[in-house]
Amino acid sequence: MAGIFKNISGDKAIWAVVALLALFSFLPVYSASSNLVYVVGSGTSIGYLVKHAFLLLLGFGIIYGVHRIPTHFFKGLSLIAMPVVLLLLAYTLAQGDVIDGANASRWIRIPVVGITFQTSSLASVVLMIYVARYLTKIKDNTVTFKESILPLWTPVFLVIMLILPANFSTAGIMFSMVLLLCFLGGYPIRYLLGIIGAGVLSLTMFILTAKAVPDLFPNRVDTWMNRIESYSNPEDTEGNYQIEKAKIAIATGGIMGNGAGKSVMKNFLPQSSSDFIYAIIVEEYGLIGGFTLMFFYLLLLFRIVVVANSHPTIFGKLLVLGVGLPIVFQALINMAVAVELFPVTGQTLPLISSGGTSSWMTCLAIGIILSASNKKSQTESEEIDENNPLEVLSGQL
């Protein structure tokens, strides 16, 4: 154990924030899991707590392993991982059955161990690394829109279109993050406007096709439309049941909260341990707890920007922003949904909500950020960018 701590490097503030969020998550997850035990009728609270601890332990193992990898290696790894991700997404979408009552076009089940894996979470991280690599490659060149279609936008649209039918919110967030990273990376704004237009047109065509052929993507478009209509409708309807229960939980919490484990609405609020865990946190720990949690995510954002700004290479800067900003963005969306500032999206609260794949991919992204914040890794990346054009696994591919 002492040897592990000795080998920990990178931004200490990020390590501290991630550790505090992970430790705090045990309280709301243990409290909210009673919903699954007594309402759904499966498992025990201790069982869900042990499972959460096991998943987080694996997640920190991912952070530790990834943060030891030199930053420049992620360039080549993204090239290898991109076709693998596309195959996984195609396979996931092609499934027509359900897993534990959920749409299987979001998950695949890993053989032998029986664990479900959400491929879109992995795709999000890999895609952002891939885009950061491409933007680094063209940083000193005048690129035309035509030249960037095949190497940049074709993989982006393939990933988005494979995720869109089953998970609109994830596809939308991913597309937004790619556009933001391209903007920060200096990609011409006029081309980005064209891509936005193409994206809107593609989404419109998809919705019209799904409406014309309902059996092609059953229930998905109707689900999106119902959520948007429920959000825009000021009257209480069956469609905004989750939001109403979440607002009751927040209002009940008040300033100081009802105390740890004393939430009442966790027994009425679906997904209280995942999508709507923020409402349970505010009910139990009050607005003070809710704002404190928001502060830690904003602190994480601040440290991500600091790490990106201090990295000596363009790739390192874009890599940190590409994998780091979605973490904070997802957290803010989750909180916004709980207070009805945003339609229901199904996005979890990073490092807090129960769940395996989302936590692991968040840990993967954090490991990459910590790798970039490692001074030794920064030096190696700078030397390779300046002195070795045939860098490992990347070069001019």
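This is a predicted model: local features need pLDDT of at least 70, side-chain atom pairs count only at pLDDT 80 or more; totals for chains, interfaces and linings use all residues.
Asp-11 is buried, with 9% relative accessible area. That places the residue under the 20% cut-off for burial.

What does the side chain of Asp-11 meet? The partner is Arg-303, and the two form a salt bridge with an N to O distance of 2.5 Å. Asp-11 sits in the loop between helix H1 (2–6) and helix H2 (12–32), while Arg-303 belongs to helix H12 (residues 277–310), so the bridge ties together parts that are 292 residues apart in sequence.

How many salt bridges does the structure hold? There are four. The Asp-11 to Arg-303 pair is one of them.

Now turn to Lys-247. This residue pairs with Glu-244, and the closest N and O atoms are 3.5 Å apart. Both residues lie in helix H11 (residues 241–253). They are three residues apart there, so about one helical turn separates them. Is Lys-247 buried, exposed or partly exposed? Its relative accessibility is 30%, so Lys-247 counts as partly exposed.

Lys-139 and Asp-140 make another salt bridge. Their closest N and O atoms lie 3.8 Å apart. The cut-off for a salt bridge is within 4 Å, so the pair counts. Asp-140 is exposed, at 66% relative accessible area. Lys-139 has 45% relative accessibility and is therefore classed as partly exposed.

Return to the start with these values in mind. Asp-140 is exposed, whereas Asp-11 is buried.

Conventions. Residues are numbered from 1 along each chain as its sequence is written. Side-chain values use heavy atoms; hydrogens and water are left out. Helices (H or I, at least four residues) and strands (E, at least two) are DSSP runs, numbered from the N terminus. Buried means under 20% relative accessible area, exposed over 50%, partly exposed in between (1.4 Å probe, protein chains only).
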